[in-house]
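Here is a note for a colleague who is meeting this structure for the first time. Please keep the sequence and the model open while reading the points that come after them.

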Amino acid sequence: MTPVIAARGLTKTFGDLTAVDGIDFEVPAGESFGLLGPNGAGKSTTMRMIGAVSSRSAGDLRVLGLDPDAHGPEIRSQLGVVPQEDNLDPELKVRENLIVYGRYFGIPRATCASRADELLTFAQLEDKARNKVDDLSGGMKRRLTIARALINEPRILMLDEPTTGLDPQARHVLWDRLFRLKERGTTLVLTTHYMDEAEQLCDRLVVVDHGRIMAEGSPSALIRQYASREVAELRFGSDRNAEAAARLEGMAERIEVLPDRVLLYTDDGEALLERVTDLGLHPTTSLVRRSSLEDVFLRLTGRSLIE
Amino acid sequence: MSTHTSGTPAGPTTEDPTARAMTAGALPRRLGWWYVAEHTWRAMRAYAWTIVMEGIGQPLVYLLGIGLGLAAFIDVSVADGANGPVTYLEFVAPALLASSAIGITMGEFTYVVMSGFKWRRLYWGMNASPVQPQQIVGGIVFAVVVRMLLTTIAYYVLIVAFGAVVDPWTGALMPLVGTLGGLAFGLPLLAYAASITEDKGQFAMVQRFVFTPLFLFSGTFYPLDTMPVWLQWIGWLSPLWHATEIGRSLSYGSPPGAWPVGVHLAILLVMAVTGWVLARRMFVKRLRG
Ligand SMILES: Nc1ncnc2c1ncn2[C@@H]1O[C@H](COP(=O)(O)OP(=O)(O)OP(=O)(O)O)[C@@H](O)[C@H]1O
Ligand SMILES: [Mg+2]
């Protein structure tokens, strides 16, 4: 089956700046695909090109088999877009926002109205139908934006940092809603700089930095490939981390020295901690955890995902 | 979709996605501008009261003030029309009507537009739907044209009621001329508003240094040629003056000044079309960067 999105050498330049630097990827129907990367990596720019609102500078792009340059309206008729910055109409009521938006797809008003009611249930906003958008919390606004993006029953739902700025509880509510859509077979394309979000939601993801794809795979495959099973995080105090790390040389598969801590990659963190103590080193705090995408990112770029 | 009790929207159908896209895109390609106009009118409800006040209250105030005060004071005919001498109220009425249409653009094509790009960001939401940037600007302009027509028609009914139109039959075209004047002033302003990325009080400047002088120096309250030539150029550049002169021709039954109606009309059309082309360009540039 042809992929719903296919990019080859996809590039976007703004003057001298290359925001997206020749990336290749494909997204098959029904997949949940993530773009993980730090600020300025080119995630939103890529999303805008897929969303047929920004033309590419070079390379090839097909969305639902169509060229966005020629078939923007057709492609967008099949997309649901949750932008990084909300753009709900604050002057309109919650339910009105959905109806007005449905009209942009040429959907009859009565259909918009019945879908709006169903979507308000889905977004757990039934009680707020007649409120002004301004009365909603950040998490509710985000859910309303997702509901709005679903008014045209999209083939592909594009989410640009869906949970940035939300508290943990609001994020979980949102993830739950997205899970349901995924189960229904909606293709999800999302960007995030939260690795837990990527691990939760993405079947497959690409790690992007400076407009390039650094790695690609499922979250677990990426962790297997680029990190060990466990990580021991040791803190010796900021001025002593480097010195301690020098003495730990060779004790782990890989050592990362960060300003505030030393990371030791190994398959058995507890055993490693014992050997560290045997050496006569006494970290002020120590912690053993499973490797995450954060570690993958660190390995690939030498930088943390969230500064 | 209504069969799902869980409230989770239906998943994609098995239909060929490309074919489905081609079908679904057809209607918005044709009617996108109309959906934008629908939304714009709905947004106008938030300030419906202002619209009514501007449409009826403001003309009433002017007509009462000028009709009962100034016109009583200037109790001589101020011009000679084809149908005889023209009173001061009859002289001012076409200018007031045209300026009401132009006044509308001072709100609709300034802050509302900047807000659509920057504060409320509505245009970005529309932009992600099948609607094209050209249709967004088209829908906004269409919605405002309707508002200008309704306002100028109400104005017209009022000036007729005040006996301020010499020939109400030809004068009935005044709302169209006023609206054209509104577009000749408003569309270039719309293009400018769409180009603004940072609010530095530009619109207050437009109000102070463009709109107000135009209102005062466009032969609104006295014939343009009463002014020294070195000030008359403001009127020549002013959509308000051109629309007013056409309006006076329609009311009096003959042009009030030396310029033929066709020239006034051509100037207004050129201004409106230029503004329209620039506004479309700005919207595309801004939304499709
Ligand atoms: N319209 C534009 N004009 C000029 N430069 C732009 C424009 N849009 C994006 N950029 C630049 O392109 C680069 C990539 O931006 P982009 O918004 O795609 O990053 P991102 O990965 O989404 O980052 P974030 O996590 O902060 O949202 C940045 O350097 C940004 O400043
Ligand atoms: Mg972004």
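Which residues does A:Asn97 touch, not counting residues up to four places away in sequence?

1. Apart from residues up to four places away in sequence, A:Asn97 touches A:Leu88, A:Asp89, A:Leu92, A:Val133 and A:Arg148, where contact means heavy atoms within 4.5 Å. A:Asn97 belongs to helix H3 of chain A, which covers residues 94-103; helices (H or I, at least four residues) and strands (E, at least two) are DSSP runs, numbered from the N terminus. A:Asn97 counts as buried because its relative accessibility is 5%, the scale being that buried means under 20% relative accessible area, exposed over 50% and partly exposed in between, with a 1.4 Å probe and protein chains only.

2. A word on the basis of these values: this is a predicted model, in which local features need pLDDT of at least 70 and side-chain atom pairs count only at pLDDT 80 or more, while totals for chains, interfaces and linings use all residues. Residues are numbered from 1 along each chain as its sequence is written, chains are lettered from A and ligands numbered from 1 in the order in which they are written, and side-chain values use heavy atoms, with hydrogens and water left out.

3. A:Arg148, one of the residues that A:Asn97 touches, also lies over the face of A:Tyr101, at 4.2 Å from the ring centre. A charge sits over a ring if NZ of Lys or CZ of Arg is within 6 Å of the ring centre and within 35 degrees of the ring normal. A:Arg177 is likewise placed over the face of A:Phe122, at 5.6 Å from the ring centre.

4. Over all chains, the structure holds 19 aromatic pairs; rings of Phe, Tyr and Trp (its six-membered ring) pair if their centres lie within 6.5 Å, and planes under 30 degrees apart count as stacked, over 60 as edge-to-face and the rest as tilted. One of these pairs joins A:Tyr101 and A:Tyr104 in an edge-to-face arrangement, with 5.8 Å centre to centre and 80° between the planes. A:Tyr101 counts as buried because its relative accessibility is 7%, and A:Tyr104 counts as buried because its relative accessibility is 1%.

5. In chain B, B:Phe117 and B:Trp124 form an edge-to-face pair, at 6.3 Å centre to centre and with 70° between the planes. B:Phe117 has a relative accessible area of 2% and is therefore buried, and B:Trp124 has a relative accessible area of 18% and is therefore buried. Elsewhere in the chain, B:Trp33, B:Trp34, B:Trp41 and B:Phe142 form one aromatic cluster.

6. What does B:Thr40 contact, leaving aside its neighbours within four places in sequence? With those neighbours set aside, B:Thr40 is in contact with B:Ile140 and B:Ala143. B:Thr40 has its place in helix H1 of chain B, and B:Thr40 and B:Gly139, which are 99 residues apart in sequence, are 7.8 Å apart in space, C-alpha to C-alpha. B:Thr40 counts as buried because its relative accessibility is 12%.

7. B:Ala43 is also found in helix H1 of chain B, which covers residues 17-44, and B:Ala43 counts as buried because its relative accessibility is 11%. B:Ala43 and B:Pro59 are 16 residues apart in sequence and 24 Å apart in space, C-alpha to C-alpha.

8. Turning to whole chains, chain A has eleven helices and 13 strands, and its C-alpha atoms fill a box of roughly 75 × 45 × 35 Å along the principal axes. Of its 307 residues, 58% are buried. Among the contacts in chain A with a separation of 6 or more, 67% are between residues 24 or more positions apart.

9. Chain B has twelve helices and two strands, and its C-alpha atoms fill a box of roughly 80 × 40 × 30 Å along the principal axes. Buried residues make up 52% of the 289 residues in chain B. For contacts in chain B with a separation of 6 or more, residues 24 or more positions apart account for 72%.
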